[in-house]
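Reader: I'd like to learn how to read helix packing. Can you walk me through a case?

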Amino acid sequence: MSKTRTREQGDGEVAALDQLAREDAGSRAQFLKMVGGAGAAGALAIFFAACGGDDEEEKPSGDSPAPKPPSGGASKGDIAIVNYALTLEHLESAFYQQVLESGEVKDPKIGEIAKSISEDEMEHVSALTATVKQLGGKPAPAPKTAFEDVIAGGPQMILETAASVENLGAAAYLGQAGNIKNKEILAAALSIHSNEGRHAAVLNQAIGKSPVPDGAFAKPATMEEVLKAVKPFIKA
Amino acid sequence: MSKTMTQPELAAIEVKGMTREAFIMRGAIAAGGVYGLSTVGPFVGQAMAQGGGGDLDILNFALTLEFLEGAFYTMAVKSTKGLTGDAKEVATTLRDNELEHVDALTATIKDLGGKPVKAPGVDFGDAFASQDSFLELAQTFEDLGVGAYNGAGPMIEAVEVLAAAGSIVQVEARHAGVIRLLRGERIAPSAFDKGLEMQEVLDAAKPFIKA
(Lines give C-alpha, C1' and ligand atoms only; values in the text may rest on other atoms or scores of the structure.)
Protein backbone atom coordinates (compact mmCIF):
# COMPACT_ATOMS: atom_id res chain seq x y z
CA MET A 1 0.00 0.00 0.00
CA SER A 2 1.32 3.41 -0.84
CA LYS A 3 1.08 5.76 2.07
CA THR A 4 -0.29 9.13 1.25
CA ARG A 5 1.16 11.33 3.91
CA THR A 6 -1.21 14.23 3.66
CA ARG A 7 -1.95 14.25 7.36
CA GLU A 8 -0.41 17.00 9.36
CA GLN A 9 2.47 15.46 11.13
CA GLY A 10 2.40 17.35 14.40
CA ASP A 11 0.21 14.72 15.97
CA GLY A 12 2.11 12.14 17.97
CA GLU A 13 -0.71 9.65 18.34
CA VAL A 14 -1.43 9.55 14.68
CA ALA A 15 2.20 9.17 13.80
CA ALA A 16 2.32 6.26 16.21
CA LEU A 17 -0.65 4.68 14.51
CA ASP A 18 1.05 5.01 11.17
CA GLN A 19 4.13 3.41 12.55
CA LEU A 20 2.17 0.48 13.85
CA ALA A 21 0.94 -0.34 10.44
CA ARG A 22 4.03 -0.69 8.39
CA GLU A 23 4.44 -4.42 8.24
CA ASP A 24 3.21 -6.59 5.45
CA ALA A 25 0.51 -4.38 4.13
CA GLY A 26 -0.47 -6.72 1.36
CA SER A 27 -1.33 -9.92 3.09
CA ARG A 28 -4.74 -8.96 4.34
CA ALA A 29 -5.77 -7.84 0.91
CA GLN A 30 -4.79 -11.17 -0.53
CA PHE A 31 -6.85 -12.80 2.13
CA LEU A 32 -9.91 -10.78 1.36
CA LYS A 33 -9.65 -11.78 -2.26
CA MET A 34 -9.32 -15.43 -1.50
CA VAL A 35 -11.75 -15.88 1.28
CA GLY A 36 -14.68 -13.88 0.07
CA GLY A 37 -17.43 -14.25 2.60
CA ALA A 38 -17.18 -17.87 3.48
CA GLY A 39 -13.87 -18.24 5.20
CA ALA A 40 -12.95 -21.42 6.92
CA ALA A 41 -16.46 -22.26 7.89
CA GLY A 42 -16.57 -24.91 10.51
CA ALA A 43 -12.88 -24.94 11.08
CA LEU A 44 -13.06 -22.73 14.10
CA ALA A 45 -16.50 -23.39 15.41
CA ILE A 46 -15.28 -23.29 18.98
CA PHE A 47 -14.61 -19.60 18.70
CA PHE A 48 -17.45 -18.39 16.70
CA ALA A 49 -20.63 -19.47 18.26
CA ALA A 50 -20.75 -15.93 19.53
CA CYS A 51 -19.49 -14.06 16.53
CA GLY A 52 -22.73 -14.43 14.69
CA GLY A 53 -23.26 -14.53 10.98
CA ASP A 54 -23.70 -10.87 10.26
CA ASP A 55 -20.02 -10.18 10.03
CA GLU A 56 -19.75 -12.52 7.08
CA GLU A 57 -20.88 -10.00 4.57
CA GLU A 58 -17.80 -9.61 2.47
CA LYS A 59 -18.94 -9.67 -1.07
CA PRO A 60 -17.16 -12.11 -3.29
CA SER A 61 -17.54 -11.14 -6.92
CA GLY A 62 -20.17 -13.57 -8.02
CA ASP A 63 -18.51 -16.58 -6.45
CA SER A 64 -20.54 -19.41 -5.09
CA PRO A 65 -21.51 -18.65 -1.52
CA ALA A 66 -20.64 -22.19 -0.48
CA PRO A 67 -18.08 -22.27 2.31
CA LYS A 68 -14.70 -23.45 1.25
CA PRO A 69 -12.40 -24.99 3.80
CA PRO A 70 -9.04 -23.27 3.77
CA SER A 71 -6.72 -25.03 1.40
CA GLY A 72 -3.23 -25.94 2.50
CA GLY A 73 -1.68 -23.40 0.21
CA ALA A 74 -3.94 -20.62 1.33
CA SER A 75 -3.44 -21.14 5.02
CA LYS A 76 0.14 -22.25 5.48
CA GLY A 77 1.08 -18.80 6.69
CA ASP A 78 -1.82 -18.80 9.09
CA ILE A 79 -0.93 -22.23 10.42
CA ALA A 80 2.57 -20.98 11.11
CA ILE A 81 1.17 -17.99 12.96
CA VAL A 82 -1.20 -20.14 14.99
CA ASN A 83 1.66 -22.46 15.85
CA TYR A 84 3.76 -19.52 16.87
CA ALA A 85 0.95 -18.40 19.17
CA LEU A 86 0.58 -21.95 20.43
CA THR A 87 4.25 -22.09 21.37
CA LEU A 88 3.88 -18.92 23.40
CA GLU A 89 0.73 -20.21 25.06
CA HIS A 90 2.47 -23.47 25.95
CA LEU A 91 5.23 -21.46 27.53
CA GLU A 92 2.82 -19.28 29.51
CA SER A 93 0.71 -22.19 30.55
CA ALA A 94 3.71 -24.18 31.78
CA PHE A 95 4.96 -21.16 33.66
CA TYR A 96 1.78 -20.66 35.66
CA GLN A 97 1.40 -24.34 36.36
CA GLN A 98 4.93 -24.51 37.70
CA VAL A 99 4.38 -21.36 39.73
CA LEU A 100 1.20 -22.71 41.25
CA GLU A 101 2.79 -26.08 42.01
CA SER A 102 5.82 -24.42 43.59
CA GLY A 103 3.79 -22.88 46.39
CA GLU A 104 5.94 -19.78 46.13
CA VAL A 105 2.98 -17.48 45.73
CA LYS A 106 1.47 -17.18 49.20
CA ASP A 107 -0.56 -14.00 48.89
CA PRO A 108 -4.07 -15.35 48.28
CA LYS A 109 -5.06 -12.46 46.05
CA ILE A 110 -2.04 -12.97 43.81
CA GLY A 111 -2.60 -16.71 43.93
CA GLU A 112 -6.12 -16.23 42.67
CA ILE A 113 -4.93 -14.06 39.82
CA ALA A 114 -2.28 -16.62 38.88
CA LYS A 115 -4.86 -19.37 38.93
CA SER A 116 -7.31 -17.54 36.71
CA ILE A 117 -4.59 -16.61 34.25
CA SER A 118 -3.34 -20.17 34.25
CA GLU A 119 -6.82 -21.38 33.35
CA ASP A 120 -7.04 -18.91 30.50
CA GLU A 121 -3.67 -19.98 29.11
CA MET A 122 -4.63 -23.64 29.23
CA GLU A 123 -7.77 -22.86 27.29
CA HIS A 124 -5.72 -20.97 24.73
CA VAL A 125 -3.45 -23.99 24.32
CA SER A 126 -6.40 -26.30 23.77
CA ALA A 127 -8.11 -23.99 21.34
CA LEU A 128 -5.02 -23.25 19.28
CA THR A 129 -4.06 -26.92 19.18
CA ALA A 130 -7.51 -27.78 17.87
CA THR A 131 -7.31 -24.96 15.37
CA VAL A 132 -4.01 -26.12 13.90
CA LYS A 133 -5.40 -29.64 13.55
CA GLN A 134 -8.57 -28.40 11.92
CA LEU A 135 -6.51 -26.45 9.44
CA GLY A 136 -4.66 -29.62 8.57
CA GLY A 137 -1.42 -28.66 10.28
CA LYS A 138 0.69 -30.24 12.96
CA PRO A 139 0.41 -28.50 16.32
CA ALA A 140 3.66 -27.16 17.71
CA PRO A 141 4.83 -29.24 20.65
CA ALA A 142 5.19 -27.79 24.12
CA PRO A 143 8.71 -26.46 24.44
CA LYS A 144 10.93 -27.57 27.29
CA THR A 145 10.88 -24.69 29.71
CA ALA A 146 13.47 -23.15 31.98
CA PHE A 147 11.63 -21.25 34.69
CA GLU A 148 13.48 -22.78 37.64
CA ASP A 149 15.55 -19.70 38.38
CA VAL A 150 12.58 -17.39 38.13
CA ILE A 151 10.50 -19.48 40.48
CA ALA A 152 13.37 -19.87 42.92
CA GLY A 153 13.64 -16.08 42.87
CA GLY A 154 10.42 -15.80 44.85
CA PRO A 155 7.10 -13.99 44.46
CA GLN A 156 8.43 -10.66 43.27
CA MET A 157 10.53 -12.18 40.52
CA ILE A 158 7.67 -14.47 39.56
CA LEU A 159 5.29 -11.57 39.25
CA GLU A 160 7.73 -9.47 37.30
CA THR A 161 8.41 -12.32 34.91
CA ALA A 162 4.70 -12.99 34.55
CA ALA A 163 4.14 -9.34 33.71
CA SER A 164 6.94 -9.37 31.14
CA VAL A 165 5.66 -12.54 29.52
CA GLU A 166 2.08 -11.25 29.33
CA ASN A 167 3.09 -7.90 27.89
CA LEU A 168 5.17 -9.77 25.37
CA GLY A 169 2.35 -12.16 24.54
CA ALA A 170 -0.08 -9.32 23.95
CA ALA A 171 2.46 -7.56 21.73
CA ALA A 172 3.09 -10.81 19.85
CA TYR A 173 -0.57 -11.22 18.93
CA LEU A 174 -0.83 -7.58 17.97
CA GLY A 175 2.23 -7.98 15.76
CA GLN A 176 0.57 -10.77 13.79
CA ALA A 177 -2.92 -9.35 13.33
CA GLY A 178 -2.11 -7.83 9.96
CA ASN A 179 -0.45 -11.02 8.75
CA ILE A 180 -3.39 -13.33 9.33
CA LYS A 181 -5.21 -14.10 6.13
CA ASN A 182 -8.20 -16.08 7.33
CA LYS A 183 -10.87 -13.90 8.85
CA GLU A 184 -11.96 -16.47 11.40
CA ILE A 185 -8.43 -17.05 12.57
CA LEU A 186 -8.08 -13.30 12.89
CA ALA A 187 -11.20 -13.19 15.04
CA ALA A 188 -9.81 -15.99 17.21
CA ALA A 189 -6.46 -14.27 17.54
CA LEU A 190 -8.14 -11.01 18.50
CA SER A 191 -10.21 -12.79 21.14
CA ILE A 192 -7.02 -14.14 22.72
CA HIS A 193 -5.03 -10.96 22.16
CA SER A 194 -7.27 -8.88 24.36
CA ASN A 195 -7.34 -11.59 27.02
CA GLU A 196 -3.54 -11.40 27.16
CA GLY A 197 -3.89 -7.62 27.39
CA ARG A 198 -6.07 -8.03 30.48
CA HIS A 199 -3.50 -10.31 32.07
CA ALA A 200 -0.68 -7.93 31.28
CA ALA A 201 -2.46 -4.92 32.77
CA VAL A 202 -3.38 -6.71 35.97
CA LEU A 203 0.12 -8.04 36.52
CA ASN A 204 1.61 -4.64 35.77
CA GLN A 205 -0.71 -3.08 38.31
CA ALA A 206 0.22 -5.77 40.83
CA ILE A 207 3.91 -4.91 40.59
CA GLY A 208 3.32 -1.16 40.71
CA LYS A 209 3.79 -0.49 37.03
CA SER A 210 1.41 1.24 34.68
CA PRO A 211 -1.32 -1.04 33.36
CA VAL A 212 -0.81 0.70 30.03
CA PRO A 213 2.98 0.88 29.66
CA ASP A 214 2.77 2.05 26.03
CA GLY A 215 0.18 4.68 26.83
CA ALA A 216 -3.05 4.85 24.83
CA PHE A 217 -1.72 2.75 21.95
CA ALA A 218 -0.26 -0.69 22.56
CA LYS A 219 2.82 -1.53 20.56
CA PRO A 220 3.22 -4.71 18.54
CA ALA A 221 6.26 -6.97 18.59
CA THR A 222 7.67 -8.91 15.68
CA MET A 223 8.16 -12.66 15.78
CA GLU A 224 11.89 -12.12 15.92
CA GLU A 225 11.64 -9.80 18.92
CA VAL A 226 9.34 -12.16 20.76
CA LEU A 227 11.41 -15.26 20.14
CA LYS A 228 14.51 -13.46 21.30
CA ALA A 229 12.78 -12.35 24.48
CA VAL A 230 11.47 -15.80 25.41
CA LYS A 231 14.67 -17.63 24.55
CA PRO A 232 15.97 -17.59 28.14
CA PHE A 233 12.86 -19.54 29.19
CA ILE A 234 13.22 -22.30 26.62
CA LYS A 235 15.62 -25.19 27.06
CA ALA A 236 17.47 -26.17 23.94
CA MET B 1 -5.96 -3.68 0.50
CA SER B 2 -8.30 -4.04 -2.40
CA LYS B 3 -11.45 -5.91 -1.71
CA THR B 4 -12.60 -8.23 -4.41
CA MET B 5 -13.52 -5.94 -7.24
CA THR B 6 -16.16 -6.48 -9.83
CA GLN B 7 -14.30 -4.19 -12.18
CA PRO B 8 -10.68 -5.27 -12.14
CA GLU B 9 -9.42 -2.09 -13.75
CA LEU B 10 -10.57 -0.17 -10.70
CA ALA B 11 -8.99 -2.50 -8.23
CA ALA B 12 -5.58 -0.94 -8.49
CA ILE B 13 -6.83 2.52 -7.71
CA GLU B 14 -6.60 3.60 -4.15
CA VAL B 15 -7.88 6.85 -2.81
CA LYS B 16 -5.97 7.82 0.31
CA GLY B 17 -5.77 4.30 1.56
CA MET B 18 -9.26 3.27 0.55
CA THR B 19 -10.29 1.19 -2.35
CA ARG B 20 -12.08 3.13 -5.01
CA GLU B 21 -15.07 0.95 -4.39
CA ALA B 22 -15.17 1.88 -0.73
CA PHE B 23 -14.60 5.49 -1.62
CA ILE B 24 -17.53 5.59 -4.00
CA MET B 25 -19.70 3.77 -1.54
CA ARG B 26 -18.86 6.28 1.12
CA GLY B 27 -19.80 9.11 -1.20
CA ALA B 28 -23.11 7.50 -1.85
CA ILE B 29 -23.73 7.13 1.84
CA ALA B 30 -22.87 10.74 2.49
CA ALA B 31 -25.27 11.82 -0.22
CA GLY B 32 -27.97 9.57 1.10
CA GLY B 33 -27.83 11.32 4.40
CA VAL B 34 -30.52 9.76 6.52
CA TYR B 35 -30.19 6.53 8.39
CA GLY B 36 -33.37 5.87 10.22
CA LEU B 37 -31.89 4.69 13.50
CA SER B 38 -33.85 7.29 15.36
CA THR B 39 -34.06 5.29 18.54
CA VAL B 40 -30.36 5.53 19.21
CA GLY B 41 -29.99 9.09 18.08
CA PRO B 42 -28.35 10.71 15.14
CA PHE B 43 -24.79 10.17 16.35
CA VAL B 44 -24.97 6.47 16.57
CA GLY B 45 -27.14 6.38 13.51
CA GLN B 46 -24.35 8.09 11.68
CA ALA B 47 -21.83 5.60 12.98
CA MET B 48 -24.04 2.70 12.05
CA ALA B 49 -24.97 4.04 8.68
CA GLN B 50 -23.49 1.42 6.52
CA GLY B 51 -24.23 -1.61 8.64
CA GLY B 52 -20.76 -3.07 8.63
CA GLY B 53 -19.57 -1.85 5.27
CA GLY B 54 -16.32 0.01 5.13
CA ASP B 55 -13.52 1.02 7.40
CA LEU B 56 -14.76 4.57 7.81
CA ASP B 57 -17.99 3.34 9.29
CA ILE B 58 -16.13 1.08 11.65
CA LEU B 59 -13.88 3.95 12.65
CA ASN B 60 -16.86 6.21 13.27
CA PHE B 61 -18.53 3.48 15.26
CA ALA B 62 -15.37 3.20 17.37
CA LEU B 63 -15.17 6.96 17.69
CA THR B 64 -18.69 7.08 19.10
CA LEU B 65 -17.71 4.59 21.78
CA GLU B 66 -14.51 6.42 22.57
CA PHE B 67 -16.43 9.68 22.90
CA LEU B 68 -18.72 7.93 25.33
CA GLU B 69 -15.82 6.54 27.35
CA GLY B 70 -13.88 9.80 27.20
CA ALA B 71 -16.87 11.73 28.54
CA PHE B 72 -17.49 9.08 31.16
CA TYR B 73 -14.02 9.24 32.68
CA THR B 74 -13.78 13.00 32.35
CA MET B 75 -16.92 13.31 34.43
CA ALA B 76 -15.88 10.49 36.73
CA VAL B 77 -12.57 12.08 37.66
CA LYS B 78 -14.30 15.39 38.35
CA SER B 79 -17.34 14.27 40.22
CA THR B 80 -17.23 10.72 41.58
CA LYS B 81 -17.87 10.86 45.30
CA GLY B 82 -15.11 9.29 47.36
CA LEU B 83 -12.86 8.51 44.41
CA THR B 84 -9.38 8.01 45.86
CA GLY B 85 -6.18 6.02 45.69
CA ASP B 86 -5.62 3.48 42.95
CA ALA B 87 -9.11 3.94 41.58
CA LYS B 88 -8.57 7.67 41.13
CA GLU B 89 -5.20 7.14 39.53
CA VAL B 90 -6.56 4.50 37.18
CA ALA B 91 -9.56 6.65 36.27
CA THR B 92 -7.25 9.50 35.36
CA THR B 93 -5.05 7.29 33.20
CA LEU B 94 -8.06 5.78 31.48
CA ARG B 95 -9.54 9.21 30.82
CA ASP B 96 -6.30 10.31 29.18
CA ASN B 97 -6.14 7.15 27.06
CA GLU B 98 -9.72 7.47 25.86
CA LEU B 99 -9.26 11.10 24.92
CA GLU B 100 -6.19 10.12 22.93
CA HIS B 101 -8.24 7.46 21.18
CA VAL B 102 -10.81 10.10 20.30
CA ASP B 103 -8.14 12.36 18.83
CA ALA B 104 -6.44 9.58 16.90
CA LEU B 105 -9.67 8.16 15.46
CA THR B 106 -10.86 11.62 14.50
CA ALA B 107 -7.59 12.29 12.70
CA THR B 108 -7.63 8.89 11.01
CA ILE B 109 -11.17 9.37 9.74
CA LYS B 110 -10.26 12.77 8.33
CA ASP B 111 -7.13 11.35 6.79
CA LEU B 112 -9.17 8.70 5.00
CA GLY B 113 -11.41 11.41 3.59
CA GLY B 114 -14.29 10.75 5.96
CA LYS B 115 -16.29 12.91 8.28
CA PRO B 116 -15.88 12.17 11.98
CA VAL B 117 -19.09 11.75 13.93
CA LYS B 118 -19.78 14.35 16.57
CA ALA B 119 -19.59 13.62 20.27
CA PRO B 120 -22.92 12.25 21.47
CA GLY B 121 -24.82 13.72 24.37
CA VAL B 122 -24.34 11.49 27.37
CA ASP B 123 -26.19 10.53 30.51
CA PHE B 124 -24.55 8.27 33.05
CA GLY B 125 -27.30 8.42 35.63
CA ASP B 126 -26.09 7.90 39.19
CA ALA B 127 -22.81 6.32 38.18
CA PHE B 128 -20.74 8.91 39.99
CA ALA B 129 -22.56 8.60 43.29
CA SER B 130 -19.75 6.41 44.63
CA GLN B 131 -16.46 4.87 43.66
CA ASP B 132 -18.12 1.47 43.49
CA SER B 133 -20.87 2.56 41.15
CA PHE B 134 -18.35 4.34 38.95
CA LEU B 135 -16.15 1.23 38.74
CA GLU B 136 -19.11 -0.96 37.98
CA LEU B 137 -20.11 1.08 34.95
CA ALA B 138 -16.46 1.44 33.93
CA GLN B 139 -16.21 -2.34 33.75
CA THR B 140 -19.31 -2.46 31.58
CA PHE B 141 -17.90 0.11 29.18
CA GLU B 142 -14.46 -1.46 28.95
CA ASP B 143 -15.72 -4.98 28.40
CA LEU B 144 -18.10 -3.57 25.82
CA GLY B 145 -15.31 -1.70 24.09
CA VAL B 146 -13.23 -4.86 23.87
CA GLY B 147 -16.13 -6.79 22.36
CA ALA B 148 -16.88 -3.97 19.93
CA TYR B 149 -13.37 -3.75 18.54
CA ASN B 150 -12.95 -7.52 18.44
CA GLY B 151 -16.21 -7.84 16.55
CA ALA B 152 -15.24 -5.16 14.07
CA GLY B 153 -11.65 -6.30 13.60
CA PRO B 154 -12.25 -9.03 11.03
CA MET B 155 -14.38 -6.66 8.93
CA ILE B 156 -11.62 -4.09 8.62
CA GLU B 157 -10.11 -3.91 5.16
CA ALA B 158 -7.06 -1.68 5.43
CA VAL B 159 -4.16 -3.19 7.29
CA GLU B 160 -3.33 0.21 8.80
CA VAL B 161 -6.79 0.51 10.25
CA LEU B 162 -6.60 -3.02 11.60
CA ALA B 163 -3.28 -2.24 13.25
CA ALA B 164 -4.71 0.90 14.82
CA ALA B 165 -7.81 -0.92 16.04
CA GLY B 166 -5.65 -3.71 17.45
CA SER B 167 -3.48 -1.23 19.25
CA ILE B 168 -6.53 0.42 20.78
CA VAL B 169 -8.40 -2.74 21.69
CA GLN B 170 -5.44 -4.02 23.65
CA VAL B 171 -5.54 -0.83 25.69
CA GLU B 172 -9.29 -1.23 26.22
CA ALA B 173 -8.63 -4.77 27.39
CA ARG B 174 -5.97 -3.51 29.76
CA HIS B 175 -8.49 -1.04 31.14
CA ALA B 176 -11.04 -3.79 31.56
CA GLY B 177 -8.51 -5.96 33.37
CA VAL B 178 -7.39 -3.32 35.80
CA ILE B 179 -10.95 -2.14 36.55
CA ARG B 180 -11.91 -5.73 37.25
CA LEU B 181 -8.90 -6.08 39.51
CA LEU B 182 -9.96 -3.02 41.47
CA ARG B 183 -13.43 -4.49 41.85
CA GLY B 184 -12.14 -7.89 42.89
CA GLU B 185 -13.74 -9.50 39.85
CA ARG B 186 -12.20 -12.22 37.75
CA ILE B 187 -9.95 -10.28 35.40
CA ALA B 188 -11.38 -11.87 32.30
CA PRO B 189 -14.95 -13.10 31.97
CA SER B 190 -13.67 -15.81 29.64
CA ALA B 191 -10.38 -16.92 28.11
CA PHE B 192 -11.66 -15.51 24.81
CA ASP B 193 -13.00 -12.00 24.41
CA LYS B 194 -15.76 -12.62 21.96
CA GLY B 195 -16.45 -10.09 19.28
CA LEU B 196 -19.79 -8.34 19.54
CA GLU B 197 -21.92 -7.26 16.67
CA MET B 198 -22.44 -3.56 16.15
CA GLN B 199 -26.10 -3.80 17.04
CA GLU B 200 -25.33 -5.55 20.33
CA VAL B 201 -22.87 -2.82 21.19
CA LEU B 202 -25.28 -0.07 20.29
CA ASP B 203 -28.05 -1.66 22.32
CA ALA B 204 -25.72 -1.76 25.31
CA ALA B 205 -24.54 1.81 24.82
CA LYS B 206 -27.96 3.25 24.09
CA PRO B 207 -29.04 3.93 27.69
CA PHE B 208 -26.07 6.27 28.10
CA ILE B 209 -26.56 8.28 24.92
CA LYS B 210 -28.87 11.26 24.74
CA ALA B 211 -30.10 12.07 21.30
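Predicted model: local features only at pLDDT ≥ 70, side-chain atom pairs only at ≥ 80, totals over all residues.

Reader: What is the hand of the crossing of H8(A) and H7(B)?

Author: That crossing is right-handed. On the H8(A) side the contact includes His193(A), Gly197(A), Ala201(A) and Gln205(A), and on the H7(B) side it includes Gly166(B), Ala173(B), Gly177(B) and Leu181(B). Sorted by class, the contact has eight nonpolar, eight polar and two charged residues.

Reader: And how do H4(B) and H6(B) pack?

Author: H4(B), residues 55-79, and H6(B), residues 131-152, pack at about 165°, with axes 11 Å apart. Angles over 145 degrees count as roughly antiparallel, so H4(B) is roughly antiparallel to H6(B). Their crossing is left-handed. Among the residues that meet are Phe61(B), Ala62(B) and Phe72(B) from H4(B), and Phe141(B), Ala148(B) and Ala152(B) from H6(B). This contact divides into eleven nonpolar residues, one polar and one charged.

Reader: Which residues does Ala152(B) touch, beyond its neighbours within four places in sequence?

Author: Ile58(B), Phe61(B), Ala62(B) and Ala165(B). Ala152(B) is also among the residues with the most contacts inside the largest nonpolar core, which has 117 residues. H7(B) supplies the largest share of that core, 15 residues.

Note on methods
Residues numbered from 1 in each chain as written. Chains lettered and ligands numbered in written order. Left-handed = near helix turned anticlockwise from the far one by under 90°. Helix = DSSP H or I, 4+ residues; strand = E, 2+ residues; numbered from the N terminus. Contact = placed C-beta atoms within 7 Å. Nonpolar A, V, L, I, M, F, W, Y, C, P; charged D, E, K, R; others polar. Core = buried A, V, L, I, M, F, W, Y, C linked by C-beta atoms within 7 Å. Buried ≥ 20, exposed ≤ 12 C-beta atoms within 10 Å, placed from the backbone. Axes fitted to C-alpha atoms, helices over the stretch in contact; angles between N-to-C directions. Parallel < 35°, antiparallel > 145°, perpendicular 65-115°, else oblique.
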